[in-house]
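Please walk me through this structure, one contact at a time.

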Amino acid sequence: SAGFKSILRLANARVTGDGFAPSLGAGLQVEVQLVPQLSLWADGRFEATWVQLDGVRVPFGEPAGTLGASLWW
């Protein structure tokens with residue numbers, strides 16, 4: 001994925017922000033069907049964002065993961 005994020009930062013009782021921080025992400029999802037009506041899945045992703053701090057773009061990384069189940073009738 002590619003796009004922009006809006007970031008707000010609270011430091012020293014001041015709120016600053018970056019309305020258009022460039023962002024790139026990648027992920028992977030795996031799904032296993034247990035029976036015809038039920039499957040389990042796992043999703044992992046990493047997103048890198050370049051936030052502007054004091055006039056310089058600084059990279060930050062965010063890993064995330066999700067586990068779930070899907071049920072069909």
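Contact means that heavy atoms lie within 4.5 Å. Leaving aside its neighbours within four places in sequence, Thr-66 is in contact with Trp-41, Ala-42, Asp-43 and Arg-45. This is a predicted model, in which local features need pLDDT of at least 70, side-chain atom pairs count only at pLDDT 80 or more, and totals for chains, interfaces and linings use all residues. Residues are numbered from 1 along each chain as its sequence is written, and side-chain values use heavy atoms, with hydrogens and water left out.

Thr-66 lies in strand E4. Strands (E, at least two residues) are DSSP runs, numbered from the N terminus. Thr-66 is partly exposed, at 30% relative accessibility. Buried means under 20% relative accessible area, exposed means over 50%, and partly exposed is in between (1.4 Å probe, protein chains only). Thr-66 and Gly-44 are 22 residues apart in sequence. In space, their C-alpha atoms are 6.6 Å apart.

Stay in strand E4, which covers residues 56-71. Ser-70 belongs to this strand. Its side chain makes a polar contact of 3.4 Å with the side chain of Trp-41. A polar contact is a pair of N or O atoms within 3.5 Å; within protein, one must be able to donate a hydrogen and the other to accept it, and residues adjacent in sequence count only if both atoms are side-chain atoms. Beyond neighbours within four places in sequence, Ser-70 is in contact with Glu-31, Gln-37, Leu-38, Ser-39 and Trp-41.

Glu-62 also has its place in strand E4. At 39% relative accessibility, Glu-62 is partly exposed. Which side chain does Glu-62 join through a polar contact of 2.5 Å? The partner is Lys-5. Not counting residues up to four places away in sequence, Glu-62 touches Lys-5, Arg-45, Phe-46, Glu-47 and Thr-49. Gly-17 is another matter: Glu-62 and Gly-17 are 45 residues apart in sequence and 18 Å apart in space, C-alpha to C-alpha.

Now move to strand E2, the place of Ser-23. Is Ser-23 buried or exposed? Ser-23 is buried, with a relative accessible area of 7%. Its side chain makes a polar contact with the side chain of Glu-47 at 2.9 Å. A polar contact of 3.5 Å joins the side chains of Ser-23 and Thr-49. Leaving aside neighbours within four places in sequence, the contacts of Ser-23 include Ser-1, Ala-2, Gly-3 and Lys-5.

Next come the aromatic rings. The structure holds one aromatic pair. Phe-4 and Phe-20 form this pair, which is edge-to-face: 6.2 Å centre to centre, with 85° between the planes. Phe-4 lies in strand E1 and Phe-20 in strand E2, so the pair ties together parts that are 16 residues apart in sequence. Rings of Phe, Tyr and Trp (its six-membered ring) pair if their centres lie within 6.5 Å; planes under 30 degrees apart count as stacked, over 60 as edge-to-face and the rest as tilted. Phe-4 is exposed, at 60% relative accessible area. Phe-20 is exposed too, at 62%.

Technical notes:
Helices (H or I, at least four residues) and strands (E, at least two) are DSSP runs, numbered from the N terminus.
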